[in-house]
Amino acid sequence: MNGINPSAPAAAAEIAAELSGRSLWQDAWRRLLANRAAVAGMIILSAIALASVIGPFLLPWSYDAIDWEHIEALPPEFATGHYLGTDSLGRDLLARTLFGGRISLMVGLLATTAALLIGVTVGAVAGFVGGRTDQLLMRFVDLMYSVPLTFFVIILMVVFGRNFALMFLAIGAVEWLTMARIVRGQTLTLRNKEFIEAARASGGSTANIIVRHILPNVLGVVMIYVTLTIPQVILLESFLSFLGLGIQEPMTSWGMLINDGAAELEINPRTLIIPAAFMTTTLFCLNFLGDGLRDALDPKDR
Amino acid sequence: MTSPLLQVRDLKVHFQVRAGGIFFGTYLPLKAVDGLSFDLSAGETLGIVGESGCGKSTLGRAILQLLPATSGTVAWLGKDLTALDRAELKAHRRHMQIVFQDPLASLDPRMTAGDIIAEPLRNFETGLSSAAIKAKVREMMEQVGLLPSMVNRYPHEFSGGQCQRIGIARAMILKPKLVVCDEPVSALDVSIRAQVINLLMDFQRALNISMLFISHDLSVVRHISRRVMVLYLGRVMELADRDAIYGKPRHPYTQALILAVPIPDPDKERAKPRVLVAGDLPSPLDPPSGCVFRTRCPRATEICARAVPVLESAGVGHEVACHHWRD
Amino acid sequence: MSASVLDLRNLSVRFTTPDGDVAAVSELSLSVGKGECLGIVGESGSGKSQTFLAAMGLLAHNGHAVGEAIFGGVNLVAADESTLNGLRGDKLAMIFQDPMTSLTPHMKVGHQLTEVLVRHRNLKSTAARDRAIAMLRRVQIPEPERRFEMYPHELSGGLRQRVMIAMALLCGPELIIADEPTTALDVTIQAQILDLIRRAKEELGTAVILITHDLGVVAGMADRVAVMYAGRIVELGDVHQIFNAPQHPYTKGLLACTPRLDDATASALVTIPGQPPNLQRLPKGCAYHPRCQNVMDRCRAEKPPLMSAGGGGLKACFLENFGRFQAGAVVP
Ligand SMILES: Nc1ncnc2c1ncn2[C@@H]1O[C@H](COP(=O)(O)OP(=O)(O)OP(=O)(O)O)[C@@H](O)[C@H]1O
Ligand SMILES: Nc1ncnc2c1ncn2[C@@H]1O[C@H](COP(=O)(O)OP(=O)(O)OP(=O)(O)O)[C@@H](O)[C@H]1O
Ligand code: SF4
Ligand code: SF4
Ligand SMILES: [Mg+2]
Ligand SMILES: [Mg+2]
């Protein structure tokens with residue numbers, strides 16, 4: 001070929017630079033680790049999750065055991081084993097908060113994952129394929145939007161009976177709708193970009209283009225939405241539980257604990273503050289992590 | 001001349017465009033490409049010129065089946081591409097590539113240069129090991145004048161000219177037989193433009209590529225093409241060998257176009273007769289009757305409004321669509 | 001050339017960015033005579049636009065200009081906003097590449113035109129309307145009364161640019177700065193617009209600064225030409241001299257690598273290797289030296305000042321008798 005000089009001044013270090021391929025994911029991971037807020041968020045989040053999972057096994061009191069000697073709300077005391085005190089029924093607050101975290105995080109994670117998988121798939125396919133498929137999928141989404149959540153849950157219960165798992169299903173079934181709309185919108189703008197056309201000209205199939213070009217480009221926005229969805233799901237769960245459609249006493253969740261605590265705010269603020277602190281910390285961490293993920297997935301951000 | 005690789009016959013691409021009110025809008029056909037026919041033989045470069053909106057890009061995309069044709073045929077080695085199903089089309093895609101105008105927009109911002117260049121290989125040479133792919137990408141990068149150490153960079157870390165080299169590397173890595181270049185140098189600076197033009201011409205000669213070179217820059221087209229097709233509102237005005245188009249243009253539009261191009265030579269430029277084409281391009285939704293150029297043509301007569309001029313032969317391989325080309 | 005209209009003296013423009021300062025324009029001196037058309041050519045990023053935006057007081061807020069730009073006895077660089085507002089659109093007009101960005105989208109074209117007259121000439125609105133419509137007719141806009149009532153987006157690119165020219169001419173400016181006025185237009189429309197600018201210059205005696213990267217446009221329009229590279233003028237001279245006997249290797253390279261309509265040979269184009277420098281890390285010495293075929297030791301150490309190039313021209317290059325060299329750049 002002709003001898004066009006490679007234009008950038010070739011720093012020696014650059015030539016020595018590693019020539020093996022790097023993927024977006026490796027780069028993203030590297031960039032994520034460089035983001036202090038996101039790393040702190042990840043660490044605290046893992047700590048909370050770990051505590052919620054194994055904590056209840058290590059505590060002297062179980063979440064549903066009533067300490068008959070301390071039936072009224074007890075302040076934190078080491079001797080009794082109630083490290084953060086008890087609630088008005090004499091149940092250990094720390095045990096309940098950790099157990100509640102287990103439920104809340106599980107609901108948040110499972111329902112959001114379901115929403116993520118369904119929403120992204122439907123949104124990307126509808127947006128990219130367009131035409132009939134798009135019409136069909138999006139009309140279905142509109143239809144689902146118009147069904148009130150409680151009504152939907154009640155119908156599910158009538159059909160399947162009372163079941164803990166139904167709640168995940170119900171919440172997941174609602175949350176993916178917004179995700180699908182967001183992803184579809186993003187995909188529509190991406191679809192007309194020249195690099196997508198270039199991918200088609202290079203022989204990429206539809207599935208191939210969605211996976212290799214559309215998804216990596218919508219992921220940043222999706223990540224932000226995911227971190228917004230998790231808290232939403234956690235609150236939704238407490239709402240359902242409050243209506244008696246979710247989990248039942250003596251099982252608990254952060255949402256329920258906060259609900260109960262709010263009722264006793266004046267007599268016994270601890271019962272509100274402790275679960276609320278856990279939940280707020282979690283939400284903050286999620287936000288930092290979400291921002292970090294979005295930035296990490298954008299190569300333009302260094 | 002060898003037998004044509006590509007035969008385009010009466011190709012039409014019409015878009016349905018909404019017109020009128022918010023509620024009772026109707027759809028009007030926008031005839032972006034309206035009945036084009038031409039041949040392209042192996043190793044030949046056909047320049048396609050015309051003003052903005054005359055359907056150049058639409059034509060290029062329709063030939064590569066990136067846009068559906070409304071009617072007409074695009075025959076590749078005798079086989080009509082418009083009639084193929086997806087799998088058959090994919091098999092043909094490896095021989096046909098495109099280079100885009102906007103160097104940055106045509107590269108996926110979340111992919112590294114190496115991945116972008118390797119993409120056609122991954123689609124078509126599924127048997128290749130990743131080491132072999134890497135080697136080929138490396139070789140390609142050297143050929144287009146990029147340092148192989150840049151494989152891991154993302155598009156935004158390159159200059160416009162370098163991005164266009166990546167785009168060219170991607171297009172050439174499968175050694176295609178047909179390449180559509182849609183204004184590949186329009187976004188580049190003068191000094192970079194010359195480098196990229198030379199690069200494209202080198203590939204074209206080395207691989208004996210048939211090339212459709214789309215541009216609104218008549219000087220660049222003169223430099224790179226063997227034949228030139230002049231479009232106006234989706235129709236062919238004139239099609240001829242390069243020297244005939246530039247030396248003896250027959251169509252009033254071609255003549256006006258050539259006269260309007262500024263020449264970087266003050267003596268020649270100032271000595272040029274100053275004939276201006278009057279007016280603006282008509283709306284493609286409502287093209288003039290008869291000859292589409294008649295609203296701006298200095299030679300238009302009554303017949304031009306009545307009858308659509310057909311392509312007539314004005315010499316060997318020279319076709320003109322004008323009622324008055326002989327005058 | 002009689003007294004000058006605009007005088008730039010040691011004008012520098014710097015931009016502060018998160019990754020360091022950008023030296024967009026460095027110590028640039030230049031003057032434009034009355035009724036003269038000065039062409040400014042250079043590649044993207046060479047500082048063509050910023051030089052004159054600085055002179056108009058229109059730099060982005062992270063930009064900072066030092067030096068002088070004397071227009072009608074006033075130093076525009078140091079002038080306050082109200083002085084600048086009084087001059088801009090009146091004695092000093094600007095036409096941009098994309099008229100859409102300089103016309104207000106939600107205001108009728110007519111209103112935008114009359115506003116200029118009301119502001120600068122204190123005209124009554126009916127008088128302003130008549131003047132504006134007369135001006136639209138003068139720039140050959142068909143059916144000016146109808147266009148007067150239209151919004152910018154309802155006009156084609158060519159018509160919008162005509163409206164911009166009409167607006168620029170309304171107050172009879174002494175100087176029009178046209179920044180790539182035809183880059184976004186088709187060649188036939190470009191020819192129309194250039195013709196308008198040429199006539200404004202000839203009939204009204206307006207001085208014109210024509211910024212473009214198209215050498216052909218400059219060849220047809222300019223009396224003198226300044227070639228810019230990396231924020232500096234590398235060559236300045238009469239248009240015939242610049243094109244027929246360029247004295248700077250960059251000018252010569254630029255001319256050689258431009259495909260020409262009047263050139264029938266299809267050999268490989270001469271190229272300038274490499275690409276323009278990063279303005280944050282300008283090479284030491286002559287900014288062109290990494291790409292220059294004639295580079296000498298001295299060029300790497302010292303910045304060449306603008307010096308006489310013979311024939312009244314100036315060049316920023318240490319080479320002597322460059323005119324004798326054949327083609328400046330060759331394919332390596
Ligand atoms: N997807 C589309 N839907 C509707 N109209 C379209 C579409 N794509 C192109 N057009 C119209 O078709 C005509 C031809 O467009 P095309 O992009 O082919 O022109 P072009 O010659 O490439 O112009 P340019 O020089 O501006 O790139 C234009 O009037 C354009 O507005
Ligand atoms: N707001 C800004 N912040 C930082 N840098 C800037 C800013 N505006 C312009 N620059 C830089 O200043 C340099 C000169 O820009 P200028 O717009 O004058 O170039 P130009 O010669 O007009 O190029 P073009 O042909 O692309 O219009 C460029 O490198 C540009 O990146
Ligand atoms: S057919 Fe008539 S209007 Fe059309 S180009 Fe020829 S002379 Fe002009
Ligand atoms: S000063 Fe030296 S490097 Fe710069 S243009 Fe002249 S010869 Fe080339
Ligand atoms: Mg186009
Ligand atoms: Mg500019």
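In the predicted model, chain C and chain B bury about 3,800 Å² between them. Carbon and sulfur atoms account for 56% of that area. On the side of chain C, the residues that lose the most area to chain B are Val187(C), Thr188(C) and Leu261(C). Together these three make up 18% of what that side buries. Chain C brings 49 residues to the contact, and chain B brings 41 residues.

Polar interactions also span the interface. Between chain C and chain B, 20 residue pairs are in polar contact. Two salt bridges are found across the interface of these chains. Arg260(C) pairs with Asp265(B) in a salt bridge, with the closest N and O atoms 3.7 Å apart.

Several helices of chain C contribute to the side that touches chain B. Helices α8 (187–204), α9 (215–221) and α10 (239–244) of chain C each supply at least two residues. The largest share, eight residues, comes from α8(C). By residue class, this side of chain C divides into 24 nonpolar, 16 polar and nine charged residues.

Within chain B, helix α5 (residues 160–172) packs against helix α6 (residues 190–207), and their axes come within 10 Å. The axes cross at roughly 10 degrees. That angle is under 35 degrees, so α5(B) counts as roughly parallel to α6(B). From α5(B), the contact involves Gly161(B), Gln164(B), Arg165(B), Ile168(B) and Met172(B). They meet Ile192(B), Gln195(B), Val196(B), Leu199(B), Leu200(B), Phe203(B) and Leu207(B) in α6(B). The residues of this helix contact comprise eight nonpolar, three polar and one charged.

How values were computed: Residues numbered from 1 in each chain as written. Chains lettered and ligands numbered in written order. Predicted model: local features only at pLDDT ≥ 70, side-chain atom pairs only at ≥ 80, totals over all residues. Heavy atoms only, no water. Axes fitted to C-alpha atoms, helices over the stretch in contact; angles between N-to-C directions. Helix = DSSP H or I, 4+ residues; strand = E, 2+ residues; numbered from the N terminus. Parallel < 35°, antiparallel > 145°, perpendicular 65-115°, else oblique. Contact = heavy atoms within 4.5 Å. Nonpolar A, V, L, I, M, F, W, Y, C, P; charged D, E, K, R; others polar. Buried area = accessible area lost by both parts, 1.4 Å probe. Salt bridge = Lys/Arg side-chain N within 4 Å of Asp/Glu carboxyl O. Polar contact = N/O pair within 3.5 Å; in protein donor to acceptor, adjacent residues only side chain to side chain.
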